[in-house]
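Colleague: I have a structure open and want to learn how to read it. Can we go through it feature by feature?

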Amino acid sequence: MTAAARSRRLLAGPLGLVALAVVVGSVFFVTGTQAHGQSNVVSTNPSDILAGQQLFQEHCQACHGYEGEGGQTSAPPLVSVGAAAADFYLTTGRMPLNNPGNEAARHHPFFDATQISQLVAYVNALPTITGTNQTGPTIPTVAPLCPTATPDPSDPGCVTLSEGLQAFSLNCAACHQAAGSGGILSKGNVVPSLHNSNMTQVGEAIRVGPKPMPVFAPSQMSDQQMSAIAQYVQYLHHPADPGGLGISHFGPVAEGFVAVLFGFGILLFAARMIGTRG
Amino acid sequence: MSTTEERAAEQKRYAAGKSVLDTVDERFGSSRFLTSVLDKIFPDHWSFMVGEIAMDSLIILIITGIYLALFYVPSSTDVIYAPTSGHVYAPLVGQHMTEAYQSVINLSFNVRAGLIMRQAHHWAALVFLAAVLFHLCRVFFTGAFRKPREVNWIIGVTLWLVVILEGFTGYSLPDDLLSGTGLRVIYSIVEGLPLVGTWIVYDFWGGSYPGTTFLTRLFVIHEFIFPLLIVGLLTAHLMILWHQKHSDFPGPGKTETNIRGSRVWPQYALKAGGLFMIVTGTIFLLAGEIQINPVWLYGPYNPYTVSIGAQPDWYLGWLDGSVRLWPHWEFASFGHEIPNPVFPGILIPGLLFTTIYAWPWLDKKIYSDYGAHNLLDRPRDKPFRTGVGVAAIVFFADLTIACGSDILANDFHVGFERVIEVLQYGALLGPVVGFVIAYKACQALQRTGAHPIQRPLGGVIIRSANGAYHTLSDHHGNGHGDNGHGDNGHGDKADAVANGHGTAEEAPAPVGAADEPAGASD
Ligand code: HEM
């Protein structure tokens with residue numbers, strides 16, 4: 001055996017011990033949670049609506065029609081979709097589409113915050129402008145987290161993560177995965193991960209139901225539940241990972257990869273170093 | 001003190017020590033036993049150490065498992081999570097859950113070193129099964145299952161099965177959303193069995209799903225029955241190995257009737273001890289740094305909720321994949337509708353395992369070779385067997401990938417149905433392609449005599465006096481009767497000399513009635 005091989009073999013044992021020491025020293029912690037809610041007011045200021053109309057004519061009209069009545073393309077009418085839909089599709093960068101055939105997927109937003117609020121103001125005003133008396137959901141307000149882990153009787157306006165987890169696993173986990181990591185629906189529909197959606201967007205998605213996701217109307221899901229889910233999804237962006245690296249919370253498939261390729265890989269290498277090829 | 005006095009004192013000490021040893025020895029005959037144990041010889045090819053990696057992970061599993069069992073509560077009693085002291089996992093406060101789930105949450109957040117033990121236990125299980133599978137492949141591809149080692153093959157396959165079941169029962173104990181979903185799938189598969197299905201699930205679950213007695217039974221199975229079975233089978237496995245002695249690859253100085261390698265003491269014990277430390281270190285490294293099975297995120301099991309991505313652990317992935325890939329055919333026999341999952345969930349695994357169990361005897365038929373062998377085949381020496389092995393690996397890999405098909409489709413942005421379709425063809429054609437490639441590769445390697453990894457294909461070309469050319473491997477031939485494939489560049493001889501501890505040699509246990517080597521100890 002060569003000198004190098006011998007020192008490799010000598011090193012193997014101590015290396016194992018060092019690894020063991022690293023582990024024993026690793027730390028446990030539980031992170032704090034977010035206490036704030038989120039609320040957005042839709043502007044009814046005529047100058048905002050006017051600015052929104054200009055942007056709309058420039059960027060949306062070609063597909064959605066002059067006053068959002070729907071176009072010749074597959075683009076749906078926007079007259080009575082409501083502010084929540086407009087805000088959701090714009091802040092998640094789904095609109096404007098480049099091409100009516102494209103899939104409306106999440107992108108970096110095309111407009112800045114002011115432009116978005118102007119477009120939302122315009123879409124919100126469309127029922128009045130066109131004289132329709134039907135309108136869609138407005139941008140939901142997400143209630144703040146209670147200071148305690150249990151619901152606070154003196155503050156009925158707050159929600160808990162516990163309510164959020166329950167409502168989330170009941171209504172959303174089937175498509176978005178228990179930790180919000182995303183998944184797949186049949187017919188090739190990708191269900192996005194929720195790790196990029198802020199609380200308002202979650203509330204909007206619940207009320208608007210970006211196809212093929214179903215709509216959860218207030219009659220099926222209270223504002224309280226909606227807020228709790230939004231808070232819980234926010235928590236899932238950076239959940240307490242007391243066990244170490246979260247490996248995207250994909251569960252057993254990711255864990256299997258790590259165990260076989262990394263864990264067993266190291267051991268196979270060690271066996272190769274210790275054993276001979278004779 | 002003078003030298004004579006020193007020597008006298010030394011002799012006295014020696015005599016005292018010797019008399020203690022003698023006292024023990026006279027009663028238990030231990031020195032003869034110890035000598036035979038410590039002088040035992042093991043070949044040290046690296047691939048033989050993978051069985052040890054499996055054994056080491058098993059030891060870690062048992063130790064961490066005992067710790068977990070001190071805190072786990074196998075009860076389906078409904079409780080409301082409201083810990084009174086220590087860390088509280090806020091998102092669960094006030095929720096209904098079984099006592100079992102609550103005890104796992106407390107184990108993770110409140111018990112000292114509870115989480116690292118849980119994680120080490122789970123990582124060790126995943127590594128264990130990787131080692132078992134690799135070990136099984138090693139035994140298969142080298143023909144180590146041939147006479148006289150068929151029984152160890154049978155015990156080995158049984159161990160594999162029991163270890164899979166042990167892993168699955170462990171996965172199901174926390175009673176979280178994923179484990180509950182997994183049990184639900186198994187429940188439906190078993191319930192679908194014609195005639196006996198409903199009875200089995202009724203007896204096992206003590207009524208309808210999920211039942212109230214099931215977790216207790218599961219715990220007893222996971223904690224006592226399977227571990228005892230595994231340790232018992234493993235003891236038999238190793239005793240047989242000890243008695244028959246380890247096989248080895250052919251090489252210079254190696255014959256059917258000798259064994260070359262390291263003695264148990266000190267060389268082999270040091271190697272094995274070092275390996276054990278590395279296995280422990282690696283598993284605890286994973287346990288300390290990478291989170292596994294965060295059951296608190298999944299929430300308690302509740303029959304009304306499901307999560308996408310609720311896969312089993314990787315070693316059962318092939319079963320889940322088999323269910324996913326099986327087409328939606330419907331069968332009825334004697335007017336009895338057989339539920340779909342029964343075929344991919346029971347029939348296919350049944351056929352596979354029967355074939356694996358029967359392989360040593362199929363192999364005898366295929367090669368018309370009923371003799372005993374202590375020298376291993378190199379995989380290339382048996383292209384057909386190697387081809388079959390590769391085909392099986394491709395098939396299992398395809399099913400395992402199918403288990404992660406939703407994550408695949410999501411990550412690579414391809415349609416789910418597309419992925420399934422590709423994998424369905426993969427399951428049918430992949431093994432054939434794998435077989436052909438392996439078969440051809442074996443033949444090519446036989447011709448060149450090169451090692452597939454270490455040396456480029458080709459060999460030394462020699463020009464003889466009369467002008468003819470031939471390669472070294474042509475010269476030596478390659479039948480497996482020829483043990484001395486000395487041209488393969490292993491440098492065995494040089495290694496044996498430079499080894500420092502010198503290569504030890506021993507005769508293997510008698511294998512046939514005939515040529516019994518003299519001096520077989522044990
Ligand atoms: C719980 C899982 C298992 C453990 C802990 C285990 C352990 C071992 C160990 C330590 C050895 C000696 C070293 C070696 O050759 O690698 C061995 C040999 C052997 N094992 Fe296993 N084993 C397990 C499962 C299996 C399986 C699944 C099979 C095959 C189906 C198998 C078949 C054999 C055979 C035939 C030998 C003799 C090898 C020879 O002499 O060349 N074992 N086992």
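Modeller: Start at the ligand. This is a predicted model. A polar side-chain atom of B:His135 sits 2.7 Å from a nitrogen atom of the ligand.

Colleague: Which residues coordinate the iron atom of the ligand?

Modeller: B:His135 and B:His237 do, each through NE2, at 2.0 to 2.1 Å. B:His135 lies in helix H5 (residues 114–141) of chain B and B:His237 in helix H9 (residues 214–244) of chain B, so the pair ties together parts that are 102 residues apart in sequence.

Colleague: How do I read the arrangement of donor atoms around the iron atom?

Modeller: Look at the angles. Ideal angles are 90 or 180 degrees for six octahedral donors. Here the 6 donor atoms around the iron atom of the ligand subtend angles of 84 to 178 degrees, which makes the arrangement octahedral.

Colleague: Are B:His135 and B:His237 buried or exposed?

Modeller: Buried means under 20% relative accessible area. B:His237 has 13% relative accessibility, so B:His237 counts as buried. B:His135 has 22%, so B:His135 counts as partly exposed.

Colleague: How many residues surround the ligand?

Modeller: There are 25, and the closest are B:His135, B:Arg138, B:His237, B:His246 and B:Ser247. By class, the shell has 15 nonpolar, 7 polar and 3 charged residues. Helix H3 (50–69), H5, helix H6 (150–172) and H9 of chain B each supply at least two residues of this shell.

Colleague: Now strands. Which strand does S1 of chain B join?

Modeller: First the general idea. In a regular strand the side chains alternate between the two faces of the sheet. In this structure, strand S1 (residues 41–42) of chain B is joined to S4(B) by 2 bridges, and the two run antiparallel. B:Ile41 has B:Arg263 as its bridge partner in S4(B). Strand S4 (residues 259–263) of chain B is mostly covered, with 4 of its 5 residues buried.

Colleague: What about backbone angles? What should I expect?

Modeller: Most residues other than glycine have a negative phi, and most peptide bonds are trans. Then look for exceptions. A:Gln177 has a positive phi, near 75 degrees. A:Gln177 is in the loop between helix H7 (173–176) and strand S1 (183–184) of chain A. With a relative accessible area of 3%, A:Gln177 is buried.

Colleague: What is phi at B:Asn293?

Modeller: About 45 degrees, which is positive although B:Asn293 is not a glycine. B:Asn293 lies between helix H10 (264–289) and helix H11 (295–298) of chain B, in the loop. B:Asn293 is buried too, with a relative accessible area of 5%.

Colleague: Where do I find cis peptide bonds in chain A?

Modeller: One runs from A:Met95 to A:Pro96, with omega near 0 degrees. A:Pro96 is in the loop between helix H4 (83–91) and helix H5 (113–130) of chain A. Another joins A:Lys211 and A:Pro212, where omega is about 5 degrees. A:Pro212 is in the loop between helix H8 (199–208) and helix H9 (223–237) of chain A.

Colleague: How many helices and strands does chain A have?

Modeller: Chain A comes to 10 helices and 2 strands. Of its 278 residues, 47% are buried.

Definitions and conventions
Residues are numbered from 1 along each chain as its sequence is written. Chains are lettered from A and ligands numbered from 1 in the order in which they are written. This is a predicted model: local features need pLDDT of at least 70, side-chain atom pairs count only at pLDDT 80 or more; totals for chains, interfaces and linings use all residues. Side-chain values use heavy atoms; hydrogens and water are left out. Donors are N, O and S atoms within 2.8 Å of the metal (3.2 Å for Na, K and Ca); water is not among the atoms, so sites may look incomplete. Four donors count as tetrahedral if all angles lie between 85 and 135 degrees; four count as square planar and six as octahedral if opposite donors are over 155 degrees apart and all others between 65 and 115; anything else is irregular. Buried means under 20% relative accessible area, exposed over 50%, partly exposed in between (1.4 Å probe, protein chains only). A residue is near a molecule or strand if one of its heavy atoms lies within 4 Å of it. A polar contact is a pair of N or O atoms within 3.5 Å; within protein, one must be able to donate a hydrogen and the other to accept it, and residues adjacent in sequence count only if both atoms are side-chain atoms. Ala, Val, Leu, Ile, Met, Phe, Trp, Tyr, Cys and Pro count as nonpolar, Asp, Glu, Lys and Arg as charged, and the others, Gly among them, as polar. Two strands pair if DSSP finds at least two bridges between them.
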